[in-house]
Amino acid sequence: MGAIADAMSAYAQPLLDQTDGSLEQMQMALNVSMACWNIGKLPEDKRQAAIDSLTESMGLDEAEREEFQEEILMPMIRRHDEMFGQVFQRKAPRRSEWESTIEVGSESDLEFGLEALPPKDQTPKPGRYDPCPCNSGKKYKFCCERVARAR
């Protein structure tokens, strides 16, 4: 298995351990762990609404909802935060965002013997996943990059 599959398996293990080993219970445990995974990815202010929606769709009465939330959902969501919290805290910046923050040839670079390179072109080449500069609405890799590669 890959690293992601191993992490998902480790995340779901506490619920899988509580089953009797039957296929039906193991499938239910995996479904609940995936629901907790998805709720854990949400911002904290939106989690309670998702939890309410999940428990309502399961047809549980008020006492069963509270018990399910306290004994299963909340511990699994806390487990998600502990195991994967840093992964979902923020998205990585796009190439165009981080390129604009790089200062080539600053004084600190010169202290370390790094010299500024002259720009190859005044307009930076877009990243593969950036919108195409021809304003076609497509990603660069599906538009003008294909044309450039064909040459």
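# Seven helices: questions and answers

The protein chain has seven helices and zero strands. Helices (H or I, at least four residues) and strands (E, at least two) are DSSP runs, numbered from the N terminus. This is a predicted model, in which local features need pLDDT of at least 70, side-chain atom pairs count only at pLDDT 80 or more, and totals for chains, interfaces and linings use all residues. Residues are numbered from 1 along each chain as its sequence is written, and side-chain values use heavy atoms, with hydrogens and water left out.

Student: What share of the residues in the protein chain is buried?

Tutor: Buried means under 20% relative accessible area, exposed over 50%, and partly exposed in between, with a 1.4 Å probe and protein chains only. The protein chain has 151 residues, and the buried share of them is 22%.

Student: Which residues have the most contacts inside the largest nonpolar core?

Tutor: A nonpolar core is a set of buried Ala, Val, Leu, Ile, Met, Phe, Trp, Tyr and Cys residues joined through side-chain atoms within 4.5 Å. The largest one has 16 residues. Helix 1, helix 2 and helix 4 each give two or more residues to this core. The residues with the most contacts inside it are Tyr11 and Cys36.

Student: Which residues does Cys36 contact, leaving aside neighbours within four places in sequence?

Tutor: Contact means heavy atoms within 4.5 Å. With those neighbours left aside, the partners of Cys36 are Tyr11, Leu73, Met76 and Ile77.

Student: Where is the kink in helix 4 centred?

Tutor: Helix 4 spans residues 62-84, and its kink is about 40 degrees. The bend at a residue is the angle between axes fitted to the seven residues ending there and the seven starting there. The kink is centred on Gln69.

Student: What covers the buried residues of helix 4?

Tutor: Those buried residues are Phe68, Gln69, Leu73, Met76, Ile77, His80 and Phe84. Their cover includes helix 1, helix 2 and helix 3 (44-57).

Student: What distance separates the C-alpha atoms of His80 and Cys36?

Tutor: His80 lies in helix 4. His80 is buried, with a relative accessible area of 1%. His80 and Cys36 are 44 residues apart along the chain, yet their C-alpha atoms are separated by 7.7 Å.

Student: Which side chain makes a polar contact with the side chain of Arg47?

Tutor: Arg47 sits in helix 3 and is buried, at 12% relative accessible area. A polar contact is a pair of N or O atoms within 3.5 Å; within protein, one must be able to donate a hydrogen and the other to accept it, and residues adjacent in sequence count only if both atoms are side-chain atoms. Here the distance is 2.9 Å, and the partner is Asp81.

Student: Which backbone nitrogen does the side chain of Thr19 reach?

Tutor: Thr19 is in the loop between helix 1 and helix 2, and counts as buried at 17% relative accessibility. A polar atom of its side chain lies 2.8 Å from the backbone oxygen of Leu16. At 3.4 Å, the side chain of Thr19 also reaches the backbone nitrogen of Gly21.

Student: Is Asn135 buried or exposed?

Tutor: Asn135 is in the loop between helix 6 (107-111) and helix 7 (144-150). Asn135 has a positive phi of about 65 degrees although it is not a glycine. Its relative accessibility is 71%, and Asn135 counts as exposed.
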